[in-house]
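Me: I'm new to this one and would like a quick tour. Can you show me the model?

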Amino acid sequence: MPHTAPPQTLPDLPDLLGQEGVAWRVERAGRAACLIDAAAYYGTLRRALLSARRQVLILGWDVDGRTRLTGEDEPEDDAPRTLRDFLAWLVQQRPDLHIHILLWDYTLLYSLDREPLPKVSLGWTTPDRVHLHLDNRIPIAASHHEKIVVIDDALAFCGGMDLSVRRWDTPEHRPDDPRRRDPGGSAYAPVHDVQMMVTGPAAAALGDLCRERWRRARRRRLAAPEPGPGPLWPAGYEAAFRDGRIAVSRTRPHRRQRRPVCEIRTLYQAAIAHAERFIVIENQYLTADAIAEALADRLRRNPRLEVLLIGPRTAMDWLEETTMGVGRAAFMARLAASGAGDRVRLLAPVVRDGDGRDHDVKVHSKLMVVDDRLLTVGSANLANRSMGLDSETNLTLTADRPDHAAAITTLRRRLLAEHAGVTVEDVAAAESASGGRLFAAVDRLVRRDPCRDLVPVAAEAVEADGSVVLLNRLGDPEEPLDLERVLAEQVPPPPDHPRRRRLRHLWTGLVLVAVLAAGVALWTFTPLREGLNPDVFLQWAERMRGTPWTPLAVLAAYVVLGLIAFPITVLITVTAMVFGPWLGFLYAGIGAITAAVVTFWVGHVLGRKLVQRYAGRGVNRMSKALGDRGIVAVVFLRVAPVAPFVLINLVAGASHVRFRDYLTGTVIGMLPGIAVMTLLGSSIMDLIHSPSPGRIALLVGCLALWLAVSIGLQRLVARRRQASGDADGDDES
């Protein structure tokens, strides 16, 4: 009979949710539960949406109209299965219902993984009461990363799951599950995630949060729906928590006059500081410096504490490995340096097929459990950018009552049972037999199921040469990028100009800055922004098509709009819609590269004549490393644009990158993307109005070609970077 240790007495947990800076609001939830994996979430959400009457609010990093809203079993109702058709059907059944979708206006970097032109697919082709807006009211390099759905302010969902493709899976994560396929019929890897569902005032608070986001994005207010007859709790789903306090914590970046909001970071730090026995974290990324420092400090102070980290075993691609993979290695190295490396484990779930081959489970959840007394679930990765740059929301509850503590314990055991391929009862027995020690219990659970396992992850440190430092800074910053500071840090020390020449360069730079600022302000704060949309461009371009000055007009449009940070992808798409694939590609290619050249020289003037005086010795070494890898760095930034088009051009102009390297890298990196955007732009409208197998095949072939070219370029960049590092040897440091 296994030994059962007496329960450990823990000091009282302070009111963490009431601490200053931890939460935006703390509200009661009549009921709450966690939905594990997308089959549970999508099926439950579908049933809840069928009860919507007045208002549905959706915030997403990605929202794809092709997403199948189905659970493990096919729905029994007659409503459509895909999100776009389901929402259109729903508003037709509910004459008073309005659906508001706020989607991050993402960069070209993510276009291959998303539905092309969501404004068309979810906005133009759905009824008027389905409102979609692309939200780009965030600082440079930031993203709107929240995943929230609120129904009539009575029921809300918040967590790590977007309403998007390649997310659906069941807790079994079968390698050969035929249902786990994207809209094109291709199988994708198993994926694990968690979403929290709440009712009552906590749901209404999330409704207020969504409406505030909508007001800032659209500059229009949405009224809250009138209270309904009661909570919309889906039938047949048991509430794990009743009448509990839910804290709503946010991340909001600094923007103009708005101070940054870092409630999620403060919440994590406060919870970690009071951990006594164990911390269990599931997260896609582990790079946040502030969280690593909080964990290391608590491990030093509490010799009993064990920290179990569960994440994906490998990165999705070279870009993720170069940014987040390197950051995870640094995160783990900091914990090891605390002297408590034996009390920290990083494990990854895998599933095995009939031939004994391992298949990684993509851990996409963002969850932490502390001593079974605190649970937080949300959208925030443990990455620097989620702590201060991206828009994020987490829901947190504490064990104010014994039944809440039991519910957190059950949830944690369910997650461990899923990953190890055992039952919740097996986890409870292992913990009892291990005297309450988490790692000892995990050791009893792993390698018990031939088809499921938790395997150690070796987060090996990577030498941080100049290019890796630059990519990490662009890919995972904690603060918005400061254009002036970035320019200053990428240029060499100035020569000793006479005072008069310095003043002339100063005034020249100030005039250029003023012109650029005026253009951006005109685009951002005036009705011009509402007028400069694809419809207006399409009408304008159609009128001038075929005129003698058309090429010059197109070229001027690219240069002028490029200087005021107008989205380059919109210009390319509209160009292709008007002029077709061949002429559109020619115009778009020449226009985009010309705009890149012009803004490069603007940055060159700003950087060399004005900003360079602020650079330091360490920055100069980084700038030199960037210059030594000029073509490689530029190709990477074009293939994976981690910053807006105009910022990349300005920074490159102010750095050591030679113009010929910049031009070569720009042509190599941009032409494949321009090609796919022109093909998409020239065929998407025809496909919507008159679909045919040939047009569908063209789109699929176009995306496949771009994927192959993108992967090839990324591998070329990786080999070139590695070769450069090998050649530099010790000199690089």
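Reply: Here is a short walk through some strands, helices, loops and salt bridges.

Me: What should I know before we start?

Reply: This is a predicted model, where local features need pLDDT of at least 70, side-chain atom pairs count only at pLDDT 80 or more, and totals for chains, interfaces and linings use all residues. Residues are numbered from 1 along each chain as its sequence is written, and side-chain values use heavy atoms, with hydrogens and water left out.

Me: Which way do the E17 residues point?

Reply: Leu 374, Thr 376 and Gly 378 point one way, Leu 375 and Val 377 point the other way, and all are buried.

Me: Which strands does E17 pair with?

Reply: E16 (residues 366-370) is joined to E17 by four bridges, and the two run antiparallel. E17 also pairs with E18 (residues 392-398), again in the antiparallel sense, over five bridges. Two strands count as paired if DSSP finds at least two bridges between them.

Me: Which residues are bridge partners there?

Reply: Val 369 has Leu 375 of E17 as its bridge partner. For Leu 374, the partner in E18 is Thr 398.

Me: What sits between E16 and E17?

Reply: Three residues, in a hairpin; Asp 371 in the turn has a positive phi of about 55°.

Me: Where else does a positive phi turn up?

Reply: Asp 37 has a phi near 75°, and His 173 has one near 50°.

Me: Where are Asp 37 and His 173, and are they buried or exposed?

Reply: Asp 37 is in the loop between strand E1 (25-36) and helix H1 (38-49). With a relative accessible area of 0%, Asp 37 is buried. His 173 is in the loop between strands E6 (155-159) and E7 (191-192), and counts as buried because its relative accessible area is 1%.

Me: You mentioned H4. How many residues has it got?

Reply: H4 (residues 201-218) has 18, and reaches 25 Å from its first C-alpha to its last, close to the 26 Å expected at 1.5 Å a residue. The expected span is 1.5 Å times one less than the number of residues. Among the buried residues of H4 are Leu 206, Leu 209, Cys 210 and Trp 214.

Me: And H6?

Reply: H6 (residues 289-301) has 13 residues and reaches 18 Å, close to the 18 Å expected. Its buried residues include Ile 291, Leu 295, Arg 298 and Leu 299.

Me: Switching topic: what does His 145 touch?

Reply: Leaving out residues up to four places away in sequence, His 145 touches Trp 61, Lys 366, Ser 379, Asn 381, Asp 390, Ser 391 and Glu 392. Contact here means heavy atoms within 4.5 Å. His 145 lies in the loop between strands E4 (130-135) and E5 (148-151), and is buried at 7% relative accessible area.

Me: Last topic. How many salt bridges are there?

Reply: The count comes to 46. A salt bridge is a side-chain nitrogen of Lys or Arg within 4 Å of a carboxyl oxygen of Asp or Glu.

Me: Which residue does Arg 437 form a salt bridge with?

Reply: Glu 306, with the closest N and O atoms 3.7 Å apart. That pair links distant parts of the chain, 131 residues apart: Arg 437 is in the loop between helices H10 (424-433) and H11 (438-445), and Glu 306 is in strand E12 (residues 306-310). Glu 306 is buried at 7%, whereas Arg 437 is partly exposed at 29%.

Me: What about Arg 345?

Reply: Arg 345 and Asp 443 meet in a salt bridge at 2.7 Å, N to O. This pair also links distant parts of the chain, with Arg 345 in strand E13 (residues 344-352) and Asp 443 in helix H11, 98 residues apart.

How values were computed:
Buried < 20%, exposed > 50% of the residue type's maximum accessible area, 1.4 Å probe, protein only.
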